[in-house]
Amino acid sequence: MHSVRQWLAEARSVAVLTGAGVSAESGVPTFRDANGLWKQYRVQDLATQSAFARDPKLVWEWYNWRRSVLAEVKPNPGHYALAKLEKRIPKFALITQNVDGLHELAGSRHVLRLHGSIWEVRCIACARQSVDLRVSIPDLPPICECGGLLRPAVVWFGEPLPRDVWRAAEAAVQASDLLLVIGTSAVVYPAAGLAQLAKSSGARVVEINLAKTPITSEIDEFLQGPSGELLPRLIA
Ligand code: BV8
Ligand code: ZN
């Protein structure tokens, strides 16, 4: 922990990659943990274009359930610590795989959302995208003014990440002295590849997680523990 605090103090440019683990202490179920929300569902039945084409109502019921869970939760000390870090470090990039919006709620100003946002919807016909903060969307599946089906504006499996967001994330990682990888199982690509990109760009990589992941062996320091506890201590 001490060396990481040192690296943070010295770093001129820091990048952070977060996953569902940073929201776990807010009460948001993760995807792959024991009580992971995907345990009750099969991911290919939900987060894919074909699942949506086959049964848009089922997919929307899953997103409505997640929206209702998120409506009850607040950011945790880990989110707030990252928002503080953004103010302190001149070149700072927060890259998240999460779609829950908790980083923004905690005050993070520039968030690179690799997988989109659960609070935005997009029409599959006219591609109009808008924010929809309703806890539960009625009359599923929702229809656009143009008559097309509305879908959650998130990135599903097999779909490309938003090009500009991904390019900005890569550039931030390549320019960083230090990459913090927090609360991700590091199995979903291309997001998980950012750790390797940081290493090959000469940055130090620190992982904060409850458990080891497929990237733990490649990185410089593994801090085992809940991000909601470790992050505030790291930046104190
Ligand atoms: C792409 C958004 C190509 C929606 C998500 C075969 C067929 C098709 C594709 C593939 C394939 N094989 C591989 C692929 C690529 C695929 C992929 O990586 N699959 C994996 C599963 C093998 N990737 C894609 O499909 C991507 N697109 O490749 O497109 C392409 C390119 C050009 C043109 C056309 C196509 C798209 C990936 C995005 C998928 N969308 N979600 C939604 O959220 O509803 S992924 C989903 O998983 C979430 O976004 C989530 O963020 C992400 C990763 O999960 P984690 O965040 O890591 O969460 P998880 O539960 O897994 O882990 C939690 C971690 O936290 C654990 O490690 C735990 O220990 C830790 N933790 C828990 N509590 C705490 C904690 N840590 C600290 N403190 C705590 N308190
Ligand atoms: Zn439309």
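I count four donors as tetrahedral if all angles lie between 85 and 135 degrees. Donors are N, O and S atoms within 2.8 Å of the metal (3.2 Å for Na, K and Ca).

I am working on a predicted model, where local features need pLDDT of at least 70 and side-chain atom pairs pLDDT 80 or more, while totals for chains, interfaces and linings use all residues.

**Zinc site.** I looked up the zinc ion (ligand 2). Its protein donors are the SG atoms of Cys 123, Cys 126, Cys 144 and Cys 146, lying 2.3 Å from it. The four donor atoms subtend angles of 104 to 118°, so the arrangement is tetrahedral. I noted the spacing C-x2-C-x17-C-x1-C.

I found zero disulfides (cysteine sulfur pairs within 2.5 Å).

**Sheet.** Next I traced the open sheet. Six strands (E runs in DSSP, at least two residues) follow the order S3-S2-S1-S7-S8-S9, with parallel pairing (at least two DSSP bridges). S3 (111-113) and S9 (221-224) are the edges; each has a single partner strand, so one side of each lacks a neighbour in the sheet. S2 (residues 91-96) pairs with S3 over three bridges. There I found Leu 94 opposite Val 111.

Terms used:
Residues are numbered from 1 along each chain as its sequence is written. Chains are lettered from A and ligands numbered from 1 in the order in which they are written. Side-chain values use heavy atoms; hydrogens and water are left out. Helices (H or I, at least four residues) and strands (E, at least two) are DSSP runs, numbered from the N terminus. Four donors count as tetrahedral if all angles lie between 85 and 135 degrees; four count as square planar and six as octahedral if opposite donors are over 155 degrees apart and all others between 65 and 115; anything else is irregular.
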